[in-house]
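Welcome, and thanks for taking a look at this one. Please keep the sequence and the 3D view open side by side while you read.

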Amino acid sequence: MTAAATRIVIRHLSGSKTNQIEQFDLDGLSEITLGRDPSSKIVYDLQRDDAVSRKHAVIRIKNEKELYFRIADLNSSNGTMLNGERIGGEVELLPDDVVELGSGGPKFVFDVQPRPSYLPARTHAMGALSAIDAAATRVVAATDAAATAELAAASDTARQTAVTDTSTIGKVPVGKATILRMMTEERSKARQIWVAAIAAVVLLAVIGGTAPYWNGQNVAGQLSQQLAQQERANEANRQAEQGLAGRMGLKPEDIKRYREATVFIRVQWQLYDRSTNRPIFQKMANVDGEWLPCYVKMDDGKLVRWFTLDNNRDSNYQQVGGGGSGSGFVIKKEGFILTNKLVAAGWSSPYEDFSNTSGSRGAVYNLNYRNGHSPYKQRIDLDDLSGWVPESGGWLFESGRPYTISSDPHDFFGRNESLTVQFPGTRIGINATLLRTSLEADVAEIKIDVDSPIDTLELAGDEDKVEIGDRVMLFGYTGVSNKTRAVQETNEGGRVRVQDVYIPEPTVTEGVVSLLPAMKDKQANADVHTYGTVGDTYQLDIYAGPGAAGGPVLNSAGKVIALDSLRSSTAQHVAFAVPVSYVNELLQLQRNRSQ
């Protein structure tokens with residue numbers, strides 16, 4: 001039997017490559033370059049990974065007497081972090097190290113498989129548990145692959161605790177640890193795994209008795225300490241839920257039921273030309289060694305994006321679309337779910353293709369300029385572009401020159417290439433279908449097929465009045481909460497696949513209603529109309545981090561009064577939510593017969 005070739009494994013944790021795994025055979029490989037330059041070995045998205053420089057960093061492979069690795073920053077704009085520390089020059093890179101490209105930029109875990117015995121992982125506070133993982137996997141892999149995946153999920157949670165970015169700690173309450181749910185669902189299997197893990201450690205200690213003793217502590221004792229710490233965390237979360245339920249006048253089991261009905265939604269969509277049904281591309285140009293999006297200055301001086309239907313090989317093009325994740329909640333046991341338009345139908349909201357910095361640069365061309373014209377690079381005036389909604393349509397140009405392909409703008413439409421729903425504590429995404437979106441508010445309805453009834457939330461009615469100062473709860477999947485992941489390797493027909501799976505758990509935050517929607521058309525003068533600058537929304541004094549969009553806002557009776565919609569860019573604890581009255585309008589398919 002031929003031994004497997006040694007390879008580098010890159011497991012992406014965040015950024016445009018989240019959940020992807022890239023592998024590189026070491027045979028003849030001397031370095032792996034990372035950046036947004038298309039020639040890089042690991043290429044990052046030009047617009048979504050804006051913290052990454054064109055040529056950001058390099059991993060160098062040294063294979064002298066023994067194999068080892070080094071990583072160096074290539075004078076990037078935002079630096080390179082290794083296990084949370086910014087590096088200078090070239091430094092050692094070991095298995096299980098976490099690399100971050102720019103503060104807040106994409107992260108990945110570096111590994112080598114099969115791992116040489118002389119190449120240990122860097123020592124972390126949880127290092128002993130990693131060794132237990134390996135031993136347990138060897139013992140039970142042949143007998144119960146599914147149970148091994150559960151253990152991997154548990155160990156990955158502990159491992160993340162050791163290397164978590166400290167900037168995300170303590171910002172918001174964290175949901176119950178998923179390990180407790182997994183152990184409850186498959187209790188007998190989990191017990192066998194932990195017993196096998198301890199037995200394997202004891203066996204290894206006997207066989208390798210001459211090896212150095214791990215910091216003078218017994219490994220099985222460390223395992224017990226980890227389990228005790230996890231149980232204390234679970235107990236703290238249970239007490240927090242009980243406290244929240246008491247303040248809201250509810251029962252703890254009510255809070256649990258609300259959480260179970262709050263779902264995690266992931267989406268990827270693309271934009272198409274309605275007249276041809278072809279995908280639309282954003283033209284890119286290499287200006288002074290930097291790839292930039294192209295814009296055309298129209299005769300009236302207005303800038304528009306250079307969109308084209310052609311994708312030739314002479315230039316770089318990016319398909320127009322988007323993706324991300326958000327929250328939603330079940331309103332009918334048959335699988336009907338409410339969320340935001342921004343989450344489920346991204347083409348119906350302003351297009352977010354600019355970074356959060358003070359501006360963005362692009363390559364600007366004059367309309368109908370002759371071939372051979374070199375673009376001029378400049379900072380783009382975002383006022384002309386930031387409010388564009390993809391479904392509103394736009395101009396289409398030839399791929400090679402800034403000439404419109406018709407005398408009028410085209411109609412565009414969006415299509416979800418992927419729309420999935422995950423329930424709390426599960427690893428499997430369920431395909432969903434977009435049913436309808438509101439014409440007036442940031443509300444959308446989607447549906448999944450279910451085999452049995454599922455938990456639902458009750459919508460507030462006209463009799464459930466909302467007043468300033470009312471206490472409310474928000475359920476959602478905020479991006480800053482601690483994450484639980486499961487890493488599993490499967491063999492399907494001889495094809496080995498490694499999957500890094502997110503196991504969602506919703507965060508619960510509490511706050512108050514601080515401002516009611518503006519009352520429209522209630523002025524004495526019929527010619528005066530009032531409106532809110534962020535639409536007809538409740539203003540909430542509550543934390544609603546990224547990812548909570550579409551999550552339900554519940555009152556003290558446990559009824560949904562609104563959906564989280566917008567976040568304030570200047571105040572961390574100010575959020576806006578769409579009143580449930582717009583939901584009722586969306587769900588009403590026919591007009592009232594009394595009208």
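## An antiparallel pair and its sheet

Strands β5 (residues 57-63) and β6 (residues 67-73) run antiparallel and are joined by seven bridges. Strands here are DSSP runs of E with at least two residues, helices are runs of H or I with at least four, and both are numbered from the N terminus. Two strands count as paired if DSSP finds at least two bridges between them.

## The model as a whole

This is a predicted model, in which local features need pLDDT of at least 70 and side-chain atom pairs count only at pLDDT 80 or more, while totals for chains, interfaces and linings use all residues. Residues are numbered from 1 along each chain as its sequence is written, and side-chain values use heavy atoms, with hydrogens and water left out. The mean pLDDT (the predictor's confidence in each residue, from 0 to 100) is 75, and 66% of the residues reach 70 or more. Two stretches to treat with care are residues 355-359, where pLDDT stays under 50 and the model has five contacts beyond four places in sequence, and residues 528-533, also under 50, with eight such contacts.

The protein has eight helices and 35 strands. Of its 595 residues, 45% count as buried, meaning under 20% relative accessible area, with exposed over 50% and partly exposed in between (1.4 Å probe, protein chains only). Among contacts (heavy atoms within 4.5 Å) with a separation of 6 or more, 66% are between residues 24 or more positions apart.

## Nonpolar cores

A nonpolar core is a set of buried Ala, Val, Leu, Ile, Met, Phe, Trp, Tyr and Cys residues joined through side-chain atoms within 4.5 Å. The largest has 39 residues, of which Tyr258, Leu338, Val443, Met473 and Val553 touch the most other members. Not counting residues up to four places away in sequence, Met473 touches a list of residues including Leu244, Met248, Tyr258, Ile542 and Val553. Another core, of 26 residues, lies apart from it, with Ile71, Leu82, Leu94 and Val112 among its members.

## Val466

Val466 is in the loop between β27 (458-459) and β28 (471-476). With 13% relative accessibility, Val466 counts as buried. Beyond neighbours within four places in sequence, Val466 contacts Val513, Leu516, Tyr538 and Ile561. Val466 and Val513 are 47 residues apart in sequence, and their C-alpha atoms are 8.1 Å apart.

## Aromatic rings

The structure holds eleven aromatic pairs. Rings of Phe, Tyr and Trp (its six-membered ring) pair if their centres lie within 6.5 Å; planes under 30 degrees apart count as stacked, over 60 as edge-to-face and the rest as tilted. How are the rings of Tyr351 and Trp388 arranged? Their centres are 5.6 Å apart and their planes at 90 degrees, so the pair is edge-to-face. Tyr351 lies in the loop between α7 (341-344) and β21 (360-366), and Trp388 in the loop between β22 (376-380) and β23 (412-422), so the pair ties together parts that are 37 residues apart in sequence. Both Tyr351 and Trp388 are buried.
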